[in-house]
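Reader: I have just opened this structure and would like a friendly tour. Could you take me through it step by step?

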Amino acid sequence: MEIENNAKLLVETLTRRGERLTCAESLTGGLVAATIVGIPGASNTFFQGIVTYADQAKEQMLDIPYSVIAEHGAISSRTAELMACGAASKCSAHMALATTGNAGPSAAEGKAVGLVFTAVYYNGKCKVTEHHYTGDRNSIRMQTLLSVLEEAVSML
């Protein structure tokens with residue numbers, strides 16, 4: 001219910017302001033976009049969702065330089081920031097949500113299961129948050145979804 005309430009508030013507020021919303025997702029694999037479009041009226045604000053699961057997709061779809069991923073990893077605050085900024089830039093959005101991290105089942109890039117970065121770009125400002133979640137793969141993905149929606153609402 002909390003997820004739906006945050007998504008509804010986000011859609012209603014951005015619609016009222018006439019602002020465009022987009023998202024770039026990795027570990028959530030489309031959950032953010034699906035949650036937003038599940039809200040009646042989402043088409044008034046939501047432009048697109050990009051799932052860039054592979055590193056190469058992040059480079060191709062969001063213009064994240066290979067050097068950033070090579071230096072920091074796909075699971076990093078810098079990559080999350082560039083995902084949000086890249087998504088906003090690609091479709092002239094006022095707000096962009098981004099998720100990247102490790103939902104398991106094992107360490108990736110030498111980073112622990114549950115390490116997640118969310119980023120919210122809104123009208124020229126980008127806030128990145130580091131999270132350390134516990135639980136199984138689905139639990140980590142759902143915790144990420146809730147966090148990025150809460151962070152987006154807090155920036156309105």
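Predicted model: local features only at pLDDT ≥ 70, side-chain atom pairs only at ≥ 80, totals over all residues.

Reader: Where is the place of E109, and what is its phi?

Author: E109 belongs to the loop that links strand 3 with strand 4. Although E109 is not a glycine, its phi is positive, at about 55°.

Reader: A107 is in the loop between strand 3 and strand 4 too. Is A107 buried or exposed?

Author: A residue counts as exposed when its relative accessible area is over 50%. A107 has 56% relative accessibility, so A107 is exposed.

Reader: Which residues does A107 touch, leaving out those up to four places away in sequence?

Author: A107 sits in the loop between strand 3 and strand 4. With residues up to four places away in sequence not counted, the partners of A107 are N102 and V113.

Reader: Is the peptide bond from G104 to P105 cis or trans?

Author: P105 is placed in the loop between strand 3 (95-101) and strand 4 (115-122). For the bond from G104 to P105, omega is near 20°, and the bond is cis.

Reader: D63 also has a positive phi although it is not a glycine. Where does D63 lie, and is D63 buried or exposed?

Author: You will find D63 in the loop between helix 3 (55-62) and helix 4 (66-72), and its phi is about 60°. Because the relative accessibility of D63 is 53%, D63 is exposed.

Reader: Now for T45: where does T45 lie, and is T45 buried or exposed?

Author: T45 lies in a loop, between helix 2 (31-37) and strand 2 (46-51). Buried means under 20% relative accessible area. T45 has a relative accessible area of 3%, so T45 is buried.

Reader: Which backbone oxygen does the side chain of T45 reach?

Author: Not counting residues up to four places away in sequence, T45 touches V11, L14, T15, E19, R20 and L21. At 2.5 Å, the side chain of T45 reaches the backbone oxygen of E19.

Reader: What is the relative accessibility of T22, and is T22 buried or exposed?

Author: T22 has its place in strand 1. Since buried means under 20%, T22 is therefore buried, with a relative accessibility of 0%.

Reader: Which backbone oxygen does the side chain of T22 reach?

Author: Leaving out residues up to four places away in sequence, T22 touches F46, Q48, A87, A88, C91, A93, M95, A96 and L97. The side chain of T22 reaches, at 2.6 Å, the backbone oxygen of Q48.

Reader: How many residues has the largest nonpolar core, and which helix supplies the largest share?

Author: The largest nonpolar core has 21 residues, and L10, L21, V32, I36, M95 and L97 have the most contacts inside it. At least two residues of this core come from each of helix 1 (2-17), strand 1 (21-25), helix 2, strand 3, strand 4 and helix 6 (137-155). The largest share, five residues, is supplied by helix 6.

Reader: Which residues does L10 touch, not counting those up to four places away in sequence?

Author: L10 has one of the highest contact counts inside the largest nonpolar core. Beyond residues up to four places away in sequence, L10 touches L21, M95, L97, L149, A152, V153 and L156.

Reader: How many residues does the second, separate core have?

Author: Among the residues of this second core are I64, I75, M83 and A87. Its total is 19 residues.

Reader: How do helix 1 and helix 6 meet, and is their crossing left-handed or right-handed?

Author: Their axes come within 9 Å and cross at roughly 35°. E2, I3, N6, A7, L9 and L10 in helix 1 meet M142, L145, L146, L149, E150, A152 and V153 in helix 6. By class, this contact has 10 nonpolar, one polar and two charged residues. The crossing of helix 1 and helix 6 is left-handed.

Reader: Which residues make the contact of helix 3 with helix 5?

Author: The axes of helix 3 and helix 5 (residues 77-91) come within 9 Å, crossing at roughly 35°, and this crossing is left-handed. The contact involves K58, M61 and L62 of helix 3, together with T79, M83, G86, A87 and K90 of helix 5.

Key. Residues numbered from 1 in each chain as written. Heavy atoms only, no water. Helix = DSSP H or I, 4+ residues; strand = E, 2+ residues; numbered from the N terminus. Buried < 20%, exposed > 50% of the residue type's maximum accessible area, 1.4 Å probe, protein only. Polar contact = N/O pair within 3.5 Å; in protein donor to acceptor, adjacent residues only side chain to side chain. Contact = heavy atoms within 4.5 Å. Core = buried A, V, L, I, M, F, W, Y, C linked by side-chain atoms within 4.5 Å. Axes fitted to C-alpha atoms, helices over the stretch in contact; angles between N-to-C directions. Left-handed = near helix turned anticlockwise from the far one by under 90°. Nonpolar A, V, L, I, M, F, W, Y, C, P; charged D, E, K, R; others polar.
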